[in-house]
Amino acid sequence: MGEMIKIKSNAPDGFTFDAYHAAPAGERKGGVIVVQEIFGLDEYVRRDVDRWASFGFEAAAPSLYDRREPGFTAGHDEAGMTAGITNARSTPLDQALCDIAAVRDLLAPRGKVYIVGYCYGGSMTWLAAGQLAGLSGASSYYGSLVKANAALKPKCPTIVHLGRLDAGIPADEVKAAVQEAHPEVPVYIYEDAGHGFNNEDPARHSAASAELARKRTLELFGG
């Protein structure tokens with residue numbers, strides 16, 4: 001359904017990175033920036049972009065590690081986890097935000113722009129909501145940096161999704177930190193879900209929680 005395109009970053013280096021882009025099915029409802037997990041633009045991220053397009057959104061996922069390893073994708077095994085974490089930690093947050101802003105600028109001439117991200121992308125979505133103008137809604141899934149940046153005030157309507165069974169992200173602590181700073185921001189905890197529950201890898205996927213979180217995100221995005 002989608003295809004790879006080239007986008008020039010808003011970063012000072014003017015780097016041109018790849019993005020997986022899909023045109024909306026039917027009437028266009030807006031644009032959605034889909035921010036990857038640590039594993040790059042793998043089959044699950046591309047499938048997610050295609051799904052947003054099927055809902056009527058023009059969707060694009062930037063390949064945020066292209067300066068270090070163009071076209072990077074990794075499996076969900078130990079080696080893939082290590083490679084993904086290494087690339088994530090080697091990518092300056094400001095640089096990734098500039099790449100995300102370039103995707104925003106690509107989509108904005110045709111209507112409202114929303115952002116959704118998972119894992120690493122969940123952190124970047126929270127940061128983008130607080131630091132980038134021009135977004136109309138943000139949906140952050142299980143981002144490890146949300147708690148540390150809970151004081152950052154979103155510039156657009158924002159929601160947060162967390163899995164109760166996520167061993168790496170203390171859901172109650174994240175919710176408390178966000179809602180202490182921003183009581184208007186909904187933070188949803190999914191009791192039967194762990195980290196990566198939106199990802200359709202059978203080892204991580206929680207279908208019921210993913211469907212409910214997507215329903216809430218669609219409502220936020222006006223879908």
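Guide: Helices (H or I, at least four residues) and strands (E, at least two) are DSSP runs, numbered from the N terminus. This is a predicted model: local features need pLDDT of at least 70, side-chain atom pairs count only at pLDDT 80 or more, and totals for chains, interfaces and linings use all residues. Residues are numbered from 1 along each chain as its sequence is written, and side-chain values use heavy atoms, leaving out hydrogens and water.

Visitor: Where does tyrosine 142 lie?

Guide: Tyrosine 142 is not a glycine, yet its phi is positive, about 35°. Tyrosine 142 lies in the loop between β6 (137–141) and β7 (158–163).

Visitor: Which is tyrosine 142, buried or exposed?

Guide: Buried means under 20% relative accessible area, exposed over 50%, and partly exposed in between (1.4 Å probe, protein chains only). The relative accessible area of tyrosine 142 is 0%, so tyrosine 142 is buried.

Visitor: How are α3 and α4 oriented to each other?

Guide: Axes are lines fitted to C-alpha atoms, for helices over the stretch in contact, and angles run from 0 to 180 degrees between N-to-C directions. Those of α3 and helix α4 (residues 120–131) come within 10 Å and cross at roughly 75°. Angles under 35 degrees count as roughly parallel, over 145 as roughly antiparallel, 65 to 115 as roughly perpendicular and the rest as oblique. The two helices, α3 and α4, are therefore roughly perpendicular.

Visitor: Which residues of α4 meet α3?

Guide: Contact means heavy atoms within 4.5 Å. On the α3 side are Leu93, Asp94, Ala96, Leu97 and Ile100. On the α4 side they meet Tyr120, Met124, Leu127, Ala128 and Gln131.

Visitor: How far from cysteine 156 is the nearest cysteine sulfur?

Guide: A disulfide is a pair of cysteine sulfur atoms within 2.5 Å, and the structure holds 0 of them. Cysteine 156 is in no disulfide: the nearest cysteine sulfur belongs to cysteine 98, at a distance of 17 Å.

Visitor: What does valine 45 touch, apart from residues up to four places away in sequence?

Guide: Valine 45 is found in helix α1 (residues 43–54). With 6% relative accessibility, valine 45 counts as buried. Leaving out residues up to four places away in sequence, valine 45 touches Val34, Gln36, Glu37, Gly40 and Ala61.
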